Amino acid sequence: MFKIRDKIVVRFLPVVIVPIFIVSASFGIYTIKYLKQNKIGEITQQTKSKTDKVFARLRSVEKDVISLSTKIVLSDFINAIDKNDTDRMNYYRSETKNIFNIFFEKKEIYCKIQYMNEFGLEVMRLQQGDDTFSIFPSGKVENKDKRFLVDTQKLKDGDVSVSTFDLNNEVGIDAETCKPVLRYTTPVFDRVGHHRGLFVLSVLADPLFFDILRQKNHEDSDTYLIDREGYYLLHPDKENSLGRKSGLTANANVKNDFSREISSRFLSGQSGGILVGKRFYSFTPVLFYLSDSGGSWILLESLPKSALFSPTWNLFRGLGILVLFIIGASVAAVIVFSRRLTKPLKELLTGITTIAETDTDYHIPVTSNDEIAFLTFSFNKVLYKLDKSNKQLQDYAGHLEGKIEEKTEEIFGKAKQQKVVAEIGKFLLASIDLQEVMVRVVNLVCNTLSVEFCDILLLDKPQHSFCLACGVGWKEGLVGHATIGLGIKSQAGYALKKETPIVVRDLRTETRFSDESHLREHGIVSGLSVPMLVEGRTVGVMGVYTSEERVFLKSDINFLESVGQYMAAAIERKRSEDEIVQGKEYTDKLIETAHDAIICIDEQGIVKVWNKAAEKTFGYSNDEMIGEQILSIIPEKYKKDHQKGLELFSEKHETRIIGKIIEVSGMKKNGDEIPIEMSLSFQKIDNEHHTFTAIIRDISLQKEAKKMLLERSKELRKRNKELKDFVYIVSHDLKEPLFAIDGYVSRLSGVCGDLLDEKGRRYIDRIKANTEIMSKRIHELLEVIKVGMVAYNFDDVNSKVIVDDIVHELESLIDNSNIDLSIQDNLPTVMCDAKRLKDVFSNLLTNAIKFMGEDGKRQIKVGCDRENGHYKFFIEDTGIGIKEEYQQQIFKIFRRLKDIDAEGTGVGLAIAKKIVSLHNGKIWVESPVCDGRGSKFCFTVPTSKKEKNVSLEP
């Protein structure tokens with residue numbers, strides 16, 4: 001027993017002391033960093049407070065100068081001077097002087113007020129402390145900056161211009177006593193809006209804001225004010241300040257006192273702080289003219305380095321005393337209580353050792369009736385539930401992952417199919433050769449359904465067979481020439497006979513069809529055939545086939561049926577149009593059998609031809625319309641345009657809509673208005689008369705189809721939302737038993753942690769670690785699902801800015817890892833979602849740092865090449881590399897390198913792959929790069945905006 005007690009004491013000491021030192025060191029480092037950042041923030045805030053006060057004063061001056069320029073008295077005074085009206089001049093002179101003196105009394109910062117007419121001549125002037133109100137009716141004032149006058153005369157009403165620093169050095173004033181001033185200038189307009197000159201207010205810099213800037217926030221602090229070129233405007237050494245002995249041409253410049261890198265940071269126009277030698281410099285821009293963001297100074301605040309670190313020494317002393325006290329108290333507590341625990345603890349340790357050496361199904365016997373007995377019972381119960389829950393979680397997680405992947409693929413597949421159907425519908429309406437249309441359609445179908453073979457079999461009734469009109473994957477010479485029988489012994493013939501889709505899962509075991517030699521010759525195993533129907537008539541059969549066994553889903557069948565119906569309508573339409581062109585002898589029959597309404601009228605709008613389709617479309621019989629005005633089928637809103645069109649054609653032969661397919665409305669006999677698509681042409685009967693032919697199609701069904709597509713889109717968004725809700729519900733059900741397990745283990749550790757040996761504590765830690773890993777996997781699984789469900793905001797984004805932001809965020813990690821990072825300068829601007837592209841770069845850069853290894857050469861390169869219409873970004877490192885057998889697995893969810901111990905759950909690259917895929921790109925890894933080491937992760941983004949993907953919004 002004595003040895004057990006000694007072991008408890010000896011083993012307890014490092015277990016307690018090491019964490020205490022680690023926690024204390026971590027707390028101290030974090031607190032020091034916090035205190036330093038807090039002190040820097042305090043200094044920066046004090047500097048900003050000064051700039052805010054300066055900004056407020058400058059703003060008040062701008063308001064004053066605008067206020068003075070709008071005084072009616074000043075305008076009247078100017079008019080009196082121009083007219084040389086002595087009486088009015090004396091009156092307004094007194095009034096103007098009173099107004100100026102009020103400003104001088106209100107604020108001592110104003111030293112001089114001037115008015116200059118529109119020719120740049122000074123007309124009046126009043127200086128503070130001087131009762132003489134000078135008027136200069138002729139002649140220019142001496143020593144004035146002509147460029148300044150030219151620039152300020154361009155100002156508009158309400159504009160204010162601020163000069164750079166100047167000295168109040170009027171003629172007769174000693175240059176040694178000159179003070180720095182700013183000149184605020186605003187235009188003056190008379191009552192009718194005519195420009196009458198400029199109003200100039202000179203402001204002393206010292207009382208305006210130098211006094212504010214000289215205020216010390218620390219007893220050893222210094223204040224500097226520099227302009228954008230680096231010259232000192234305010235300096236602790238008065239010899240270097242503007243307006244002293246060195247004057248405006250002083251060579252005292254921040255570039256002479258600091259290195260090029262530091263002075264560039266000061267003059268960058270940004271706020272910040274930097275440690276230079278034994279002093280800390282805080283800098284921030286000061287805007288002195290609101291209308292011009294480029295007009296600014298830079299305020300520097302300097303204080304000793306010791307001021308940043310003084311709070312940390314007191315922290316170290318208190319922390320050391322606290323750590324020593326905790327260690328002493330812990331050792332004393334162990335010695336006192338170990339004697340009472342050794343006997344029951346030994347029995348419990350014997351049971352735990354048995355479990356550790358055999359399996360978790362072992363039951364620890366209860367040999368006492370104290371707290372250890374309750375602990376043993378609880379441990380057995382927790383062990384049983386943990387083993388049971390772990391098995392359930394593994395089964396449930398595998399099932400959930402499969403379901404989610406299946407549902408996601410199904411939803412994306414349906415969306416892709418709907419998009420392809422809409423695209424096919426668009427170019428079927430265009431005037432494209434039918435054979436070209438069929439070639440494009442079969443290729444689209446193959447790509448959408450991921451099949452190797454596709455065919456369009458057109459019905460040839462006279463020959464009692466099918467003709468292979470178009471296809472993909474068939475041997476050379478078959479397309480356009482091969483024929484297939486119509487009997488039910490073939491898959492296509494059976495689909496034609498039953499007028500329903502036919503699915504063959506395995507042709508090798510199929511007994512219904514014996515006449516399929518052409519399919520077996522191509523090694524076809526599975527197939528799907530649908531009849532091509534139009535208005536209840538079959539024009540052919542469309543089929544898709546694979547050389548491997550496949551189960552065609554309901555969505556695949558619906559998709560192929562939709563495409564087949566579109567193609568049937570297009571083929572039927574093409575056949576109708578061909579029949580029209582055959583010749584005069586077939587014209588009447590063709591018009592009567594056409595599926596589109598064909599109407600011919602003369603130049604007076606009298607109907608000459610009215611076919612069966614027109615009767616069906618509008619409800620009027622041939623007898624009712626022949627010889628009557630066409631106006632009966634034209635809605636009231638179009639009748640004036642119709643009459644005007646006939647008149648223009650008769651007078652000028654203008655043909656604005658001839659030869660075009662237009663969409664208008666028509667009026668049925670029962671008064672219903674229907675949408676129609678009309679193609680209008682004209683024919684010359686003789687030298688003077690013409691007839692017009694209109695081919696009209698009722699597009700009500702197309703409109704309804706479009707409406708149905710919109711409804712299906714809404715349904716898809718609803719399904720996406722249901723999937724999202726399902727994922728969240730399942731994740732909640734998975735997390736609940738994890739919380740229970742973690743609670744029991746934490747309670748066990750808290751109650752009996754001191755009684756367990758190293759193995760017992762290791763098992764408890766292992767339980768906690770696995771519980772935490774499972775929780776993280778559920779969370780990361782949700783993140784993977786979100787990538788494909790959230791809406792993407794595509795815009796032109798500078799990829800260099802994204803990479804710089806990530807490097808700034810990882811700056812401390814890169815510096816601590818001693819990594820040499822290089823970034824290509826000409827990274828392109830791409831069409832992407834900035835936030836998602838940032839996630840891809842962040843994941844790849846973090847992985848490169850994490851798997852750098854211990855090699856001396858530690859480099860990461862980020863760059864981009866352009867090839868095949870894509871930007872190919874790459875992140876190349878000199879790390880440990882990735883074996884070839886792992887290079888495909890790492891992009892799958894929860895797949896990690898088995899022989900590498902690193903943080904992470906293995907979903908980062910899976911998320912990156914989904915993001916890149918939604919940008920119509922791809923991602924891969926090349927490894928090794930050089931000398932058996934290094935990895936190069938590459939991903940592409942299309943260069944064309946048209947190749948932008950369309951994300952699905954839940």
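This is a predicted model: local features need pLDDT of at least 70, side-chain atom pairs count only at pLDDT 80 or more; totals for chains, interfaces and linings use all residues.

Mentor: Residues are numbered from 1 along each chain as its sequence is written, and side-chain values use heavy atoms, with hydrogens and water left out.

Trainee: How many residues of strand 19 are buried?

Mentor: Helices (H or I, at least four residues) and strands (E, at least two) are DSSP runs, numbered from the N terminus. Buried means under 20% relative accessible area, exposed means over 50%, and partly exposed lies in between, with a 1.4 Å probe and protein chains only. Strand 19, residues 597-602, is mostly covered, with six of its six residues buried.

Trainee: Which residues of strand 19 point one way, and which the other way?

Mentor: In a regular strand the side chains alternate between the two faces of the sheet. Here Ala597, Ile599 and Ile601 point one way, and Ile598, Cys600 and Asp602 point the other way.

Trainee: Which strands pair with strand 19?

Mentor: Two strands pair if DSSP finds at least two bridges between them. Strand 19 pairs in the antiparallel sense with strand 23 (residues 690-698) over six bridges, and isoleucine 599 stands opposite alanine 694 there. Strand 19 is also joined to strand 20 (residues 607-610), again antiparallel, by three bridges; isoleucine 601 has valine 607 as its bridge partner. The hairpin of strand 19 and strand 20 has four residues between the strands, and glycine 605 in this hairpin takes a positive phi near 85 degrees.

Trainee: What is the order of the strands in the open sheet of six strands?

Mentor: The order is 15-14-13-18-17-16, with antiparallel pairing. Strand 15 (483-485) and strand 16 are the edge strands, each pairing on one side only. From one strand to the next, the twist averages 25 degrees. Helix 10 (residues 434-449) lies across strand 13, strand 14 and strand 18, running at about 65 degrees to strand 14. Angles run from 0 to 180 degrees between N-to-C directions, and axes are lines fitted to C-alpha atoms, for helices over the stretch in contact.

Trainee: How do helix 22 and helix 23 pack?

Mentor: Two packed helices are described by the angle between their axes and the distance between the axes. Helix 22 (residues 834-850) and helix 23 (residues 908-918) pack at about 145 degrees, with axes 9 Å apart.

Trainee: Which residues touch the most other members of the largest nonpolar core?

Mentor: In soluble globular proteins, nonpolar side chains tend to be buried together. A nonpolar core is a set of buried Ala, Val, Leu, Ile, Met, Phe, Trp, Tyr and Cys residues joined through side-chain atoms within 4.5 Å. The largest one has 44 residues, and Phe841, Ile875 and Phe939 touch the most other members. Helix 22 gives the most to this core, with seven residues. Leaving aside neighbours within four places in sequence, phenylalanine 939 is in contact with residues including Phe841, Ile875 and Val916.

Trainee: Is asparagine 818 buried or exposed?

Mentor: Asparagine 818 counts as exposed because its relative accessibility is 60%. Its phi is positive, about 55 degrees, although asparagine 818 is not a glycine. Asparagine 818 sits in the loop between helix 21 (811-816) and strand 25 (820-823). Glutamate 499, likewise not a glycine, has a positive phi of about 55 degrees, and counts as partly exposed at 43% relative accessibility.

Trainee: Which residues does a cis peptide bond join?

Mentor: The cis peptide bond joins serine 927 and proline 928, with omega about -5 degrees. Proline 928 is found in the loop between strand 29 (923-926) and strand 30 (935-942).

Methods:
Contact means heavy atoms within 4.5 Å.
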